[in-house]
Amino acid sequence: MDVLLGLQWGDEGKGKIVDVLTPKYDVITRFQGGPNAGHTLHFGGKKFVLRSIPSGIFQGDKINIIGNGVVLDPLLFMEETESLLKSGHDIKQRLFISKKAHLILPTHRMLDAANEASKGSGKLGTTGKGIGPVYTDKVGRTGLRVGDLFHHFDSKYVAAKAKHEVILRALNYEYDIAELETRWFESLEYLKTFRLIDSEHMVNHLIKEGKSVLAEGAQGTMLDIDFGSYPFVTSSNTICAGCCSGLGVAPRLIGEVYGIMKAYCTRVGSGPFPTELTGQTGDTICERGNEFGSVTGRRRRCGWIDLVALRYSIMLNGVTKLIMMKSDVLDPFEMIKACVAYRIDGNEVTEFPFDIAEVSIEPVYIELPGWQTDMTKMQSENEFPEEFNAYLSFLEEELDLQIHIVSVGPDREQTIMRYSEDS
């Protein structure tokens, strides 16, 4: 089983690469996160945004599994799947959902909004989808799972809702979920028409049968609940280790670990961002990269690539192959910068610090010449300009890993493989 995950603050382009790699796999899985993920795919002149469904769903003969580590909003899931059905993609026979996946309740959304509102200027930048509250219930052992739909669900729901309403009243949060709740219960019936399974058994059986499995991560390493820029993080383990608990597979079964990064860096919402660019350069990157959230529509903060954070991510995940996205976004720049260290209180550090959210960080940059060439129509690395090859070589030396895939545009065809599968 191979794993593919983001090495920055999310939005690295995981959906596109899963779609590109899917032909070599029999099974595609999601192992954590919820509908706050927005994996965007472009092919055939069309754009698709997947929230909970694995990005291998468009390859007709592949099994797609939503694992136990995922949190699922049945209403948003219904909207997502019906949109795919309308576009001509019948996914019901190929999509399997873990009975152990936790359900996002209507009151989870209200709790998310209420908690964020109560923080004032200290907002975390949540998407408001109820992700944090449902993971809180999961850890607190009061959550509802997909499999509960067949085991006294109504009484369990009433108890969970009552608990949430006590918290909402304490926060003085006014809300009305009557219409949302009605639609949510309708979506539960829709969810029951899918294949609801003991996913840990299915995944392990498939591996034992010799099937090739790709595990697709959501968000990014720097948003990991344990190792990210806490507290400005997501509520799940986004790193490779999360794949084991999010699918029920043993660590020894993991083979390649694909780590995805952009040629620069972005972040959505609040939180530390050492290489952030707040002037014209950042605006240009944002506009050229169309850096707006595929789920929320929020403008992404943009900055130069951060090698301190990337080295940390590579270490945590045991990355074996690097993938660089959106190289073409930097096409017009005369000069490119890369952060190789942080300066904190006058000291230069190259290891990612515990207190990144508490201290003032000055990035230490290396400057490299830009390539000022349109790369979007290139089909081979033989066409790469000398300056871009120098940028790749610099990154490979700094990160001590080969960059196997380079993306030069959003379409699946704008993907260049640089090394053989055996290298």
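This is a predicted model: local features need pLDDT of at least 70, side-chain atom pairs count only at pLDDT 80 or more; totals for chains, interfaces and linings use all residues.
Residues are numbered from 1 along each chain as its sequence is written, and side-chain values use heavy atoms, with hydrogens and water left out. The count comes to 21 salt bridges, a salt bridge being a side-chain nitrogen of Lys or Arg within 4 Å of a carboxyl oxygen of Asp or Glu.

- Arg-300 is placed in the loop between helix H9 (280-288) and strand E13 (301-303), where helices (H or I, at least four residues) and strands (E, at least two) are DSSP runs numbered from the N terminus.
- Arg-300 counts as buried because its relative accessibility is 6%; buried means under 20% relative accessible area, exposed over 50%, and partly exposed in between (1.4 Å probe, protein chains only).
- Arg-300 forms a salt bridge with Asp-11, with 3.3 Å between the closest N and O atoms.
- Asp-11 lies in the loop between E1 and helix H1 (14-21) and Arg-300 in the loop between H9 and E13, so the pair ties together parts that are 289 residues apart in sequence.
- Asp-11 counts as partly exposed, because its relative accessibility is 26%.
- The side chain of Arg-300 also reaches the backbone oxygen of Phe-292 at 3.5 Å.

**Two further salt bridges and a network**

- The side chains of Lys-100 and Glu-200 meet in a salt bridge with an N to O distance of 2.8 Å.
- This pair links distant parts of the chain, with Lys-100 in the loop between strand E7 (95-98) and strand E8 (102-103) and Glu-200 in helix H7 (residues 199-208), 100 residues apart.
- Lys-100 is partly exposed, with a relative accessible area of 32%, whereas Glu-200 is buried, with a relative accessible area of 17%.
- Arg-418 and Glu-396 form a salt bridge whose closest N and O atoms are 3.0 Å apart.
- That pair also links distant parts of the chain, since Arg-418 is in the segment after strand E20 (415-417) and Glu-396 in helix H11 (residues 386-399), 22 residues apart.
- Arg-418 counts as buried at 14% relative accessibility, and Glu-396 is buried with a relative accessible area of 15%.
- Salt bridges that share partners join Asp-11, Lys-262, Glu-291, Arg-300 and Lys-326 into one network.

**Asp-2, buried without a salt bridge**

- Asp-2, which lies in strand E1 (residues 2-6), is buried yet has no salt bridge, and the nearest side chain of opposite charge, Lys-24, is 5.0 Å away; Lys and Arg count as positive and Asp and Glu as negative, with His and the chain ends not counted.
- The side chain of Asp-2 makes a polar contact with the side chain of Tyr-25 at 2.5 Å, a polar contact being a pair of N or O atoms within 3.5 Å of which, within protein, one must be able to donate a hydrogen and the other to accept it, and residues adjacent in sequence count only if both atoms are side-chain atoms.
- A polar atom of the Asp-2 side chain lies 2.9 Å from the backbone nitrogen of Glu-256.

**Nonpolar surface patch**

- Val-166, Ile-167 and Leu-171 make a nonpolar surface patch of about 220 Å²; patches are made of residues with over 30% relative accessible area and no salt bridge, with like charges joined within 9 Å and nonpolar side chains (Val, Leu, Ile, Met, Phe, Trp, Tyr) within 5 Å, and accessible areas come from the Shrake-Rupley method with a 1.4 Å probe, only the protein chains shown counting as cover for residues.
- Leu-171 is found in the loop between helix H5 (153-170) and helix H6 (178-191), and counts as partly exposed at 32% relative accessibility.
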